[in-house]
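Let's walk through this structure together, from the overall fold down to a few single residues. Keep the sequence and the 3D view side by side as you read.

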Amino acid sequence: MAITKNAKRAIRVSTAKRVVNDKLRRSMKDAVKTVRKDVIANDTKAVAKDLSLAFKALDKAAKRGTIKKGQADRKKSRLARAVAKTTK
């Protein structure tokens, strides 16, 4: 248990950050899963819309520091490549 005033504050801050990070990570994962499901189902109309939402969620998570920028770029690249295969 934290004893000093600064340690108690650090616990409060880290708890608040964890809540935000968990929310961003969950929305990011859900968006990516939705795109992957659309790719498997060959639903080209839904893929275009959901891909945009997934990019937005990934960029937001990278901007907030939940994930690193390179990880977001890698995930976006792999999603775009998967979508490109289905639209051929």
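What you're looking at is a predicted model, where local features need pLDDT of at least 70, side-chain atom pairs count only at pLDDT 80 or more, and totals for chains, interfaces and linings use all residues. Residues are numbered from 1 along each chain as its sequence is written, and side-chain values use heavy atoms, with hydrogens and water left out.

Start with the fold. The chain has three helices and zero strands, so the order from the N terminus is simply α-α-α (helices are DSSP runs of H or I with at least four residues, strands are runs of E with at least two, and numbering starts at the N terminus). The C-alpha trace spans about 60 × 20 × 15 Å along its principal axes. The radius of gyration is 17 Å, whereas a compact globule of 88 residues would come in near 12 Å; the radius is taken over C-alpha atoms, and the globule rule is 2.2 Å times the number of residues to the power 0.38.

How much of the chain is tucked away? Buried residues make up 26% of the 88. Now take contacts, meaning heavy atoms within 4.5 Å. Among those with a separation of 6 or more, 54% join residues 24 or more positions apart.

On to the core. In soluble globular proteins, nonpolar side chains tend to be buried together. A nonpolar core here is a set of buried Ala, Val, Leu, Ile, Met, Phe, Trp, Tyr and Cys residues joined through side-chain atoms within 4.5 Å. The largest one has 15 residues, and Met28, Val35, Leu58, Ile67, Leu79 and Val83 touch the most other members. Helices α1 (5–41), α2 (44–64) and α3 (69–87) each give two or more residues to this core, with α2 supplying the largest share, six residues. Zoom in on Val83: leaving out residues up to four places away in sequence, it touches Val35, Val39, Val47 and Leu51.

The chain carries 28 positive and 7 negative side chains, and the centres of the two sets lie 9 Å apart. Lys and Arg count as positive and Asp and Glu as negative, with His and the chain ends not counted; each charge is placed at NZ of Lys, CZ of Arg, CG of Asp or CD of Glu.

Beyond its neighbours within four places in sequence, Asp38 is in contact with Asp43, Ala46, Val47 and Asp50. Asp38 and Asp50 are 12 residues apart in sequence and 8.3 Å apart C-alpha to C-alpha.

Over in helix α3 sits Lys76, also buried, because its relative accessible area is 16%. Again leaving aside neighbours within four places, Lys76 is in contact with Phe55, Leu58 and Asp59.

Contrast that with Lys63 in helix α2, which is exposed because its relative accessible area is 76%. Finally, Ala84 in α3 counts as partly exposed because its relative accessibility is 36%.

Terms used: Buried means under 20% relative accessible area, exposed over 50%, partly exposed in between (1.4 Å probe, protein chains only).
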